[in-house]
Amino acid sequence: MEPIIATQDLEKVYRIGRVSIPALRGVSLTVEEGEFVAVMGPSGCGKSTLLHVLGGLTRPTSGKVLVDGNDLFALSDAERTRFRRHKIGFVFQRFNLLPTLTARDNILLAQHIQGDGCNPHRFETVTNMLGIADKLAQRPNELSGGEQQRVAIARAAICEPKILMADEPTGNLDSESSAVVLNMMRSVNQEFRQTILMITHNPEAAAVADRIIEMRDGQIISK
Ligand SMILES: Nc1ncnc2c1ncn2[C@@H]1O[C@H](COP(=O)(O)OP(=O)(O)OP(=O)(O)O)[C@@H](O)[C@H]1O
Ligand SMILES: [Mg+2]
């Protein structure tokens, strides 16, 4: 079976004025369908950049990204956006919740954007699992950091995307809430065969994964 994510010699150089910042320096990797992969490495080594490129959010400077057999950056912007919405749920490092919407509407927005293909019963299951069922009427600035994080996770998971990409999903959580989030990821991974790519600094979180990719200075040093 072909891998669900494949890339070779991926490079990303950010440019700010005359300064070039090489964030990815020749990254090659494949992820099989149904795998749960953790990405670890020191701050600034390129983890978020890698996830954003693999998720079709940031265009690489060179190299192709194949997701489920599709060459992501050969698609038009509109096609890539549509593809992404249907296949990939994304939890950002800085949650990206809409400040004027309640938690409920932030989560439902994902269903709204994707249209059909979402399971309406899943809303209750996911929000209960994440322990935010009683927070749904509150806006992001009325929620704690950890609660906002769980709303962002619910939003990403609500439509059963084939791939879930999460940037430090337990970064703001205490150990009990971290365990809840990790259990949820493990169970969607096992029950629905969703592929998971998760950035983490937390060894306990990484221990839940099938495999750990270690990065340093824009490169993979072990995978
Ligand atoms: N939009 C951007 N413009 C310019 N440089 C950027 C941009 N985003 C990231 N960088 C730089 O690229 C490098 C990799 O950043 P990235 O955010 O991928 O690191 P990270 O591994 O996710 O770090 P952290 O663990 O702190 O989140 C860093 O040197 C960072 O300063
Ligand atoms: Mg990051």
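1. Strand S3 (residues 36–40) pairs in the parallel sense with strand S9 (residues 211–216) over 4 bridges; here strands are DSSP runs of E of at least two residues, and helices are runs of H or I of at least four, numbered from the N terminus. Two strands count as paired if DSSP finds at least two bridges between them. The bridge partner of Val37 in S9 is Arg211. The model is predicted: local features need pLDDT of at least 70 and side-chain atom pairs count only at pLDDT 80 or more, while totals for chains, interfaces and linings use all residues. Residues are numbered from 1 along each chain as its sequence is written, with chains lettered from A and ligands numbered from 1 in the order in which they are written.

2. S3 is also joined to strand S8 (residues 195–199) by 4 bridges, and these two strands run parallel.

3. Because 5 of the 5 residues of S3 are buried, the strand is largely enclosed by the rest of the structure. A residue is buried if 20 or more other C-beta atoms lie within 10 Å of its own, exposed if 12 or fewer, and partly exposed in between, with C-beta atoms placed from the backbone. Phe36, Ala38 and Met40 point one way from S3, and Val37 and Val39 point the other way. In a regular strand, side chains alternate between the two faces of the sheet.

4. The largest nonpolar core has 60 residues, and Val37, Val39, Ile153, Ala154, Leu197 and Met198 touch the most other members. Such a core is a set of buried Ala, Val, Leu, Ile, Met, Phe, Trp, Tyr and Cys residues joined through C-beta atoms within 7 Å. Helix H5 (residues 145–157) gives the most to this core, with 6 residues. Beyond its neighbours within four places in sequence, Val39 is in contact (C-beta atoms, placed from the backbone, within 7 Å) with Lys47, Leu50, Leu197, Met198, Ile199, Ile213 and Met215.

5. Asn106 lies in helix H3 (residues 103–114) and counts as buried because it has 24 C-beta neighbours inside 10 Å. Its contacts, leaving aside neighbours within four places in sequence, are Leu97, Leu98, Leu101, Val151 and Arg155. The C-alpha atoms of Asn106 and Ala152 are separated by 8.0 Å, although these residues are 46 residues apart along the chain.

6. An open sheet of 4 strands, with antiparallel pairing, has the order S2-S1-S4-S5. Its edge strands, S2 (19–31) and S5 (70–71), each pair on one side only. Strand S4 (residues 65–67) and S5 run antiparallel, joined by 2 bridges, and Asn70 in S5 is the bridge partner of Val67.

Definitions and conventions. Two residues are in contact if their C-beta atoms, placed from the backbone, lie within 7 Å.
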